[in-house]
Amino acid sequence: MTTVAELIRNTDKPSFSFELLPPLKGNSIQKVFNTIDRLKEFNPLYINITSHRDEIVYKTNEKGITERRVFRKRPGTVAVAASIQNRYQIPVVPHMICSGFSKSETEYALIDLNFLGIHDLLLLRGDNSSRHEFCKSGQEENTYAIDLIHQVNNLNKGQFLDGTFMEPFETPFSYGVAGYPEKHEEAPNQESDIYWLKQKVEAGAEYVITQMFFDNEKFFSFVNKCRQAGITVPIVPGIKPINIKNQLTILPKVFHTEIPEPLAHELRKCKNNEETSLVGTEWATMQCKELLSRGFNLLHFYSMMATQSVYDIAKEVY
Ligand code: FAD
């Protein structure tokens with residue numbers, strides 16, 4: 001079986017991949033299929049499926065009393081991945097995260113994935129903001145992505161958490177990790193962030209997918225610094241087309257990425273989402289063309305709420 005890491009290493013022509021979110025709890029999986037149906041003409045190399053932990057949500061009931069609830073808004077990562085693989089025969093990459101998941105929950109999920117024939121993963125720490133503070137799994141969790149890597153490596157060697165052994169998997173898990181062209185929000189500086197990225201690669205990560213960025217120069221500089229630090233695995237650029245007016249302020253806040261002034265200037269002038277989408281799509285198309293011309297053959301798209309924009313960009317660049 002060819003792994004996603006091998007597919008990425010061997011991309012010698014412009015290639016396409018994208019990320020999907022599992023449906024909101026209670027929603028149909030049909031929305032996921034609709035996105036794939038729209039984008040499959042560009043022959044995605046693989047599709048990523050995000051993973052989500054429990055969150056604290058405050059809801060005001062009909063008596064006006066505000067209740068605090070803990071629940072998972074988007075369950076179902078493993079099942080959605082399996083369902084996509086089964087329906088489309090496109091390789092899938094479910095995300096596995098540390099925060100909010102006990103090590104044993106992770107082990108059981110990995111056993112399920114192995115039985116389902118899914119062996120490509122993206123290993124991450126997961127979002128860790130204050131709204132999650134009180135919904136820990138209650139059992140021991142992995143702290144950093146590298147701890148999760150060690151757990152997966154042990155399982156690849158046939159070692160369970162309780163110290164017992166089994167036959168090593170015939171198809172061991174292969175995985176990538178996240179990288180941040182504008183550094184991770186908690187890293188004291190970019191060098192430190194790249195130091196930890198290198199640890200993840202040396203531990204076994206076969207490629208890096210980046211956080212979204214809107215300034216290609218920041219991506220090129222990040223790649224240079226990674227190469228200087230001795231990180232040689234493929235670094236796949238993550239592209240997000242802006243298509244909703246309030247993303248001008250929300251994306252920098254949530255993803256800690258800067259929006260260059262020429263783009264911000266044009267976005268400020270937009271009166272509605274339609275105008276925003278035109279500007280955002282044009283900018284992302286320009287980014288993609290430059291990335292392809294500089295030899296970054298594989299572009300990874302953040303498709304959430306932006307299927308049509310991703311379609312328009314792909315139509316233009318592939
Ligand atoms: P890590 O690699 O653990 O790094 C976290 C921070 O700690 C960094 O500042 C790093 O420099 C530092 N660090 C790393 N290792 C150590 C160490 N051993 N000791 C001290 N410091 C260390 N979130 C989700 O919840 N679900 C998803 O599906 C999801 N998908 C994503 C996909 C991509 C492509 C990207 C870029 C991000 C995604 N995220 C997702 C968000 C991600 O989980 C957060 O950005 C998280 O805060 C960091 O994850 P990481 O794997 O990069 O963490």
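Which of the 24 residues around the ligand come nearest? They are Ser 51, His 95, Tyr 180, Asp 193 and Lys 200, where a residue counts as near a molecule if one of its heavy atoms lies within 4 Å of it. Before we go on, note that this is a predicted model, in which local features need pLDDT of at least 70 and side-chain atom pairs count only at pLDDT 80 or more, while totals for chains, interfaces and linings use all residues. Residues are numbered from 1 along each chain as its sequence is written, and side-chain values use heavy atoms, leaving out hydrogens and water.

Let us stay with the ligand for a moment. One of its oxygen atoms is 2.6 Å from an N or O atom in the side chain of Asp 193. For Lys 200, the distance from a side-chain N or O atom to a ligand oxygen is 2.7 Å. Ala 145 takes part with its backbone: an N or O atom there lies 2.9 Å from an oxygen atom of the ligand.

Now look at the overall fold. Eight strands close into a barrel, in the order S1-S2-S5-S6-S7-S8-S9-S10, with parallel pairing. On average, neighbouring strands of this sheet are turned by 30° against each other, direction ignored; axes are lines fitted to C-alpha atoms, for helices over the stretch in contact, and angles run from 0 to 180 degrees between N-to-C directions. Strands (E, at least two residues) and helices (H or I, at least four) are DSSP runs numbered from the N terminus, and two strands pair if DSSP finds at least two bridges between them. Strands of a sheet pair through backbone hydrogen bonds, either parallel or antiparallel.

Three bridges link S6 (residues 120–124) with S7 (residues 174–179) in the parallel sense, and Leu 122 stands opposite Gly 176 of S7. Helix H7 (residues 216–228) packs on the sheet, touching S7, S8 (208–212) and S9 (235–239). The direction of H7 makes about 160° with that of S9. S7 and S8 also run parallel, joined by three bridges, with Val 208 in S8 as the bridge partner of Val 177. Is S7 mostly covered or uncovered? It is mostly covered, with six of its six residues buried; buried means under 20% relative accessible area, exposed over 50% and partly exposed in between (1.4 Å probe, protein chains only).

Next, visit strand S2 (residues 47–49), where Ile 47 is found. Ile 47 counts as buried because its relative accessibility is 0%. Among the residues in contact with Ile 47, beyond its neighbours within four places in sequence, are Phe 18, Ile 36 and Ile 84; contact means heavy atoms within 4.5 Å. Ile 47 and Ile 36 are 11 residues apart in sequence, and their C-alpha atoms are 8.9 Å apart in space.

Asn 48 also has its place in S2, and it too counts as buried because its relative accessibility is 0%. A polar contact of 2.8 Å joins the side chains of Asn 48 and His 95. Such a contact is a pair of N or O atoms within 3.5 Å; within protein, one must be able to donate a hydrogen and the other to accept it, and residues adjacent in sequence count only if both atoms are side-chain atoms.
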